[in-house]
Amino acid sequence: MGKIAIMGAMREEIEPLLSHMDNIKETHYANNTFYEASYKGRDVVVAYSKIGKVFSALTSILLIEKFRCEMVLFSGVAGAISSDLKIGDLIIADGLCQHDLDITAFGHPYGFVPEGEVCIPTDVKLRAIAKEVAISKGITLKEGVISTGDQFVACGEKKEWVAKTFKADALEMEGASVAVVCNALNIPFFILRAISDSADGSADVDFDTFLASSAKVSADFILEMVERV
Ligand code: SAH
């Protein structure tokens, strides 16, 4: 079994992972820190990318090409779209799209550029493992489309637009770029998010309040998955 990449966007998203790791070796590269470690006998590389699509693409490429990881698991927080997602609930992406990618002036759909696809599916086997973990822990796990853009959405109208345009259940700022990278490099990947806010007028306050607790919910779940892959 090869190395497993576990990434987040923010330090707060990987801290609850690192506290469980053994034999941590830090490497500084490309203005970032990569933590090679072991978790219950598995070789892992943990990193947070910094926020947004460009940084998360960069970090996922390095985890694969430089650190030779053979799968990518993302753990973090997201804004809820679906009304059945409350703060602290978990969602796994069945597919990811970019809500801020727009060449519709040329007749293309939102989120599409030539030779790309609007929605990139995540690995089916990793989703199945997540469902096993959820059952064993008695956790409700939602599965749906996660929509990504370089924007913190804190506005009901924008959220409704993303919901309608992409049939999305949650939104965040990194998933789809990790998806593009892993899809291109043929690396199985999985995106997990715990809800930190509802992407509406109070999203900024909720985010600050629930970042740490929701990040931990997601991290704990990812660690259970690592044991099973
Ligand atoms: N408070 C931070 C910025 C957080 S940006 C700071 O000042 O540095 C929000 C992060 O959480 C992103 O990594 C994104 O992936 C996720 N996220 C959570 N809620 C979101 C929302 N409503 N819209 C977009 N991204 C959201």
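In which strand is the place of N23? N23 belongs to strand β2, residues 22–29.

This is a predicted model, in which local features need pLDDT of at least 70 and side-chain atom pairs count only at pLDDT 80 or more, whereas totals for chains, interfaces and linings use all residues. Residues are numbered from 1 along each chain as its sequence is written, and side-chain values use heavy atoms, with hydrogens and water left out.

1. N23 is not a glycine, yet its phi is positive, at about 50°. The residue counts as exposed because its relative accessibility is 63% (buried means under 20% relative accessible area, exposed over 50%, partly exposed in between, with a 1.4 Å probe and protein chains only).

2. With a relative accessible area of 69%, N186 is exposed.

3. E36 is found in strand β3, residues 32–39. Its side chain makes a polar contact of 3.4 Å with the side chain of T27 (a pair of N or O atoms within 3.5 Å; within protein, one must be able to donate a hydrogen and the other to accept it, and residues adjacent in sequence count only if both atoms are side-chain atoms). Leaving aside neighbours within four places in sequence, the residues in contact with E36 (heavy atoms within 4.5 Å) include N23, K25 and F67.

4. The largest nonpolar core has 37 residues, and V72, L96, F189 and I191 have the most contacts inside it. Such a core is a set of buried Ala, Val, Leu, Ile, Met, Phe, Trp, Tyr and Cys residues joined through side-chain atoms within 4.5 Å. Strand β5 supplies its largest share, six residues. Apart from this core lies another, of 32 residues, among them I4, I129, A130 and F221.

5. Helix α3 (residues 124–137) and α6 pack at an angle of about 115°, with axes 10 Å apart; axes are lines fitted to C-alpha atoms, for helices over the stretch in contact, and angles run from 0 to 180 degrees between N-to-C directions. The residues of α3 that meet α6 include I129 and A130, and those of α6 include F221 and R228.

Key: Helices (H or I, at least four residues) and strands (E, at least two) are DSSP runs, numbered from the N terminus.
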